[in-house]
Amino acid sequence: MTGSSPGDVRELLPPAKRGPSCEGDLCRDTSVDGVIAGAVLRAARERAGFSPARAAACLGLPETRIRRLEAGRATWSHAHAFFLARCYGLADEDLDELEELLAPEHRHVVVDAGAGRYRRLAAVEARAARIRVASRTVPQRRLPDGCPVTLLWDEIALECGYVDAPRTAARLNDLATMIDAGMLHFRLLIPDFTVWSEPVGAELTLDNATVVFADEQLPLTVTYSNGTKAGWKTSSLDRQLAAALSPEDSLAALHRAATQWGDRA
């Protein structure tokens with residue numbers, strides 16, 4: 001970190017990312033690492049009991065600047081990010097991994113391979129107003145609560161299962177319970193030659209309408225993407241959902257699969 005006091009940080013000018021253009025056109029999308037850093041620091045601020053006004057006072061910045069930084073609408077400097085992170089009590093290992101994510105270049109794809117990658121993913125998910133997931137495998141972690149979540153599977157996912165029959169049956173029954181409780185919207189896609197399942201990961205529409213994709217390559221990395229690098233993923237999700245079975249037929253298929261896996265246990 002550059003400097004060690006609020007006075008040192010206060011004198012730094014807001015940074016500009018190198019390479020603010022994408023494929024020859026002025027890019028209107030934020031650098032995706034700024035979105036991740038903003039979500040992580042917002043979560044840390046809230047855990048520490050800081051208000052945006054208090055965080056802004058630490059840096060000598062307007063409160064609106066903190067809100068824009070946390071929303072990914074402005075560019076973090078390392079000094080700003082790490083001064084606040086230390087104020088919030090973020091662990092040293094999380095600081096080191098956050099530093100690896102923040103780059104001077106304007107980026108639309110970031111790979112997070114750090115040990116705290118799922119804490120960072122949870123921080124981004126906590127800001128989501130809507131989540132849509134296209135997957136070919138049984139989810140291995142609980143999907144976030146607090147916002148509408150749509151899970152799109154292709155039929156093969158029900159046939160392949162997860163680890164073994166007892167755990168597959170239990171996981172499918174757990175998902176069915178979430179659907180019945182209104183916590184999850186489930187749609188099943190029957191693959192054909194015109195619409196094939198594309199596992200694009202999770203589309204996170206944040207509370208400020210920013211769209212970020214998070215693709216979990218278990219168990220090693222989470223890859224984030226946005227902007228021109230990820231525009232096709234939203235179109236793919238729209239196309240697949242339009243071709244999917246109705247929620248009622250999808251749930252019936254899930255129940256049948258859970259029963260069949262339970263019979264094998």
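Colleague: Let's begin with one side chain: what is the relative accessible area of Glu-46?

Modeller: Buried means under 20% relative accessible area, exposed over 50%, and partly exposed in between (1.4 Å probe, protein chains only). Glu-46 counts as partly exposed, because its relative accessible area is 47%.

Colleague: Good to know! What kind of model is this?

Modeller: Residues are numbered from 1 along each chain as its sequence is written, and side-chain values use heavy atoms, with hydrogens and water left out. Local features need pLDDT of at least 70, side-chain atom pairs count only at pLDDT 80 or more, and totals for chains, interfaces and linings use all residues, since this is a predicted model.

Colleague: Which residue in helix 2 lies four residues from Glu-46?

Modeller: Helices are DSSP runs of H or I with at least four residues, strands are runs of E with at least two, and both are numbered from the N terminus. Glu-46 has a salt-bridge partner with closest N and O atoms 3.4 Å apart; a salt bridge is a side-chain nitrogen of Lys or Arg within 4 Å of a carboxyl oxygen of Asp or Glu. Four residues is about one turn of the helix, and the residue in question is Arg-42.

Colleague: Arg-42 also pairs with Asp-207. How many residues apart in sequence are the parts that this pair ties together?

Modeller: The side chains of Asp-207 and Arg-42 meet in a salt bridge at 3.4 Å, N to O. Asp-207 lies in the loop between strand 7 (201–206) and strand 8 (211–217), while Arg-42 is in helix 2, so the parts tied together are apart in sequence by 165 residues.

Colleague: Asp-207 also meets Arg-127 in a salt bridge. Is Arg-127 buried or exposed?

Modeller: The Asp-207 and Arg-127 side chains come to 2.8 Å, N to O. Arg-127 sits in the loop between helix 7 (117–125) and strand 4 (128–135), so this pair joins parts 80 residues apart in sequence. Asp-207 is partly exposed at 45% relative accessibility. With 5% relative accessibility, Arg-127 is buried.

Colleague: How many salt bridges does a search of the whole structure find?

Modeller: Side chains of opposite charge can pair when their charged atoms come close. Arg-42, Glu-46, Arg-127 and Asp-207 are linked in a network of such bridges. Across the whole structure, the number of salt bridges found is 15.
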